[in-house]
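Please read the following report alongside the sequence and the three-dimensional view.

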Amino acid sequence: MSKLFADLVKTPVAQALARQMENGGVQTFSGVAASAQPFFAALLQKLFPQKPIVVVTENLKSQE
């Protein structure tokens with residue numbers, strides 16, 4: 001895990017997110033800026049390495 005992610009997952013915001021998502025289910029994060037979405041998806045994968053993360057995007061361009 002990169003130092004950036006290692007430091008980030010220790011923050012109160014990331015810890016609160018992890019607690020909220022621990023039980024699985026559907027979560028929506030429509031307020032995440034387009035430029036931050038790849039970073040956010042990578043953060044989720046680092047927080048939950050054993051769980052599948054499914055990201056639904058608006059269109060193929062945003063998926064790329």
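Where is the place of Leu-43? Leu-43 belongs to helix 3, helices here being DSSP runs of H or I with at least four residues and strands runs of E with at least two, numbered from the N terminus. This is a predicted model, in which local features need pLDDT of at least 70 and side-chain atom pairs count only at pLDDT 80 or more, while totals for chains, interfaces and linings use all residues. Residues are numbered from 1 along each chain as its sequence is written, and side-chain values use heavy atoms, with hydrogens and water left out.

**Overall architecture**

The chain contains 4 helices and 0 strands, and along the sequence these follow the pattern α-α-α-α. Along its principal axes, the C-alpha trace spans about 30 × 25 × 20 Å. Of the 64 residues in the chain, 19% are buried (buried means under 20% relative accessible area, exposed over 50%, and partly exposed in between, with a 1.4 Å probe and protein chains only).

**Packing of helix 2 and helix 3**

Helix 2 (residues 12–21) packs with helix 3 (residues 37–47) at an angle of about 65°, and their axes are 11 Å apart; axes are lines fitted to C-alpha atoms, for helices over the stretch in contact, and angles run from 0 to 180 degrees between N-to-C directions. Helix 2 is therefore roughly perpendicular to helix 3, given that angles under 35 degrees count as roughly parallel, over 145 as roughly antiparallel, 65 to 115 as roughly perpendicular and the rest as oblique. On the side of helix 2 the contact is made by Ala-14, Leu-17, Ala-18 and Met-21, and on the side of helix 3 by Phe-40, Leu-44 and Leu-47. These residues divide into 7 nonpolar, no polar and no charged (Ala, Val, Leu, Ile, Met, Phe, Trp, Tyr, Cys and Pro count as nonpolar, Asp, Glu, Lys and Arg as charged, and the others, Gly among them, as polar).

**The nonpolar core**

The largest nonpolar core has 11 residues in all, including Phe-5, Val-9, Val-32, Leu-43 and Phe-48; such a core is a set of buried Ala, Val, Leu, Ile, Met, Phe, Trp, Tyr and Cys residues joined through side-chain atoms within 4.5 Å. Helix 2 and helix 3 are the elements that give two or more residues to this core, and the largest share, 4 residues, comes from helix 3.

Leu-43 is buried because its relative accessible area is 7%.

**Exposed positions**

Lys-3 lies in helix 1 (residues 3–8), Ser-30 in the loop between helix 2 and helix 3, and Lys-61 in helix 4 (residues 60–63). Their accessibilities are set out below.

| Residue | Relative accessibility |
|---|---|
| Lys-3, exposed | 62% |
| Ser-30, exposed | 74% |
| Lys-61, exposed | 66% |

The C-alpha atoms of Lys-3 and Phe-48, 45 residues apart along the chain, are separated by 17 Å. Ser-30 and Gln-45 are 15 residues apart in sequence, with 18 Å between their C-alpha atoms.

Methods:
Contact means heavy atoms within 4.5 Å.
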